[in-house]
Amino acid sequence: MAELDIGKHCQISSCNLKDFLPFVCDFCSGIFCLEHRSREAHSCKEEPVKKESHNAGGSTSYPCSFQDCKGKELLPVICPQCEKHFCLAHRHQDDHKCEKLEVSKPRMAATKELVQKIVESKEGSKPKGRRGAKNSATAAKVALMKLKLHAAGDKGLPQTERTYFQVYLPKESKDSSQPMFFCSKWSVGKVVDYAASLASLKNNNNVLTAKKLRLCHPDTGEAFRMDDMLLSLLAQPESPLYNGGNVILEYLDNECTSLENVSDYVTQS
């Protein structure tokens with residue numbers, strides 16, 4: 001499935017962040033991300049032009065076009081698709097129900113049907129010949145597509161910051177695993193806390209003498225450090241973590257640094 005080329009890169013060379021709803025400077029007409037949208041942040045060299053204003057205070061504001069929203073912004077926040085002004089809360093296409101939203105429900109239904117057919121064909125056929133890197137990459141893409149259809153998480157996270165995992169839960173849990181997504185900028189500790197909340201797990205990580213809920217390596221069972229950043233783990237060569245992969249969540253004694261019998265978790269789903 002082809003990736004949609006949506007959004008623009010921030011013109012600050014040291015940033016270059018791609019924003020799906022970029023900000024256009026009202027003075028220099030440059031394109032910037034949220035962090036560099038103000039004139040001070042991107043060192044705007046254009047002098048502000050005084051505009052006539054009907055406001056009592058003499059300042060220009062841009063009202064939100066979303067129905068019943070009374071929000072206003074001092075700088076224009078324009079949707080590049082429908083070209084209407086919105087407040088920060090409604091600047092994303094999903095938030096203001098953009099009339100030119102690219103992804104439609106029939107398309108998502110077709111994608112779901114395609115994924116289901118791929119999964120069924122994989123399960124119904126026996127592997128023939130050697131399985132190379134190409135087959136592994138295809139399997140990873142199929143797993144990621146399947147997770148995206150059912151994963152739970154913070155719907156407010158931008159798509160570019162979402163990392164999807166099949167999370168295998170502690171042995172005492174009612175469910176063996178759940179698909180979830182997390183922000184790639186979070187620490188392992190925050191991932192553990194959020195996963196515990198989604199799965200309604202008891203979390204006593206702040207109690208000194210209690211067993212600690214830990215995120216573990218899907219192959220070796222080794223517990224990741226709580227202060228490790230998810231983005232750093234994903235970027236490591238031959239990393240055990242990847243978008244669409246598996247992780248294990250389990251209670252460990254304070255002195256314990258790894259799980260035993262990792263296969264017991266992965267095969268119980």
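A salt bridge here is a side-chain nitrogen of Lys or Arg within 4 Å of a carboxyl oxygen of Asp or Glu. With that in hand, welcome to this predicted model, in which a search of the whole structure finds four salt bridges.

**View 1. Glu99 and Lys84 form a salt bridge.** The closest N and O atoms of this pair are 3.4 Å apart. Both residues lie in the loop between β6 (72–73) and α1 (105–124), and they are 15 residues apart. Glu99 counts as exposed because its relative accessibility is 60%, whereas Lys84, at 36%, counts as partly exposed.

**View 2. Arg225, Asp227 and Asp228 belong to one salt-bridge network.** Arg225 pairs with Asp228, with the closest N and O atoms 3.1 Å apart, and also with Asp227, where that distance is 3.8 Å. Asp228 is buried, since its relative accessible area is 16% and the cut-off for buried is under 20%. Asp227 and Arg225 are both exposed.

**View 3. Here is the largest nonpolar core, with 29 residues.** Val167, Phe182, Leu201, Leu215 and Leu249 have the most contacts inside this core. Among the elements that give two or more residues to it are α2 (133–150), β7 (162–168) and β10 (245–252). The element that gives the most is α3, with five residues.

**View 4. Leu201 meets residues from elsewhere in the sequence.** Setting aside neighbours within four places in sequence, Leu201 is in contact with Leu169, Pro170, Ser173, Ala196, Leu213, Leu249 and Tyr251. A second, separate core has eight residues, including Cys216, Ala223, Leu252 and Val262.

How values were computed:
Residues numbered from 1 in each chain as written. Predicted model: local features only at pLDDT ≥ 70, side-chain atom pairs only at ≥ 80, totals over all residues. Heavy atoms only, no water. Core = buried A, V, L, I, M, F, W, Y, C linked by side-chain atoms within 4.5 Å. Buried < 20%, exposed > 50% of the residue type's maximum accessible area, 1.4 Å probe, protein only. Helix = DSSP H or I, 4+ residues; strand = E, 2+ residues; numbered from the N terminus. Contact = heavy atoms within 4.5 Å.
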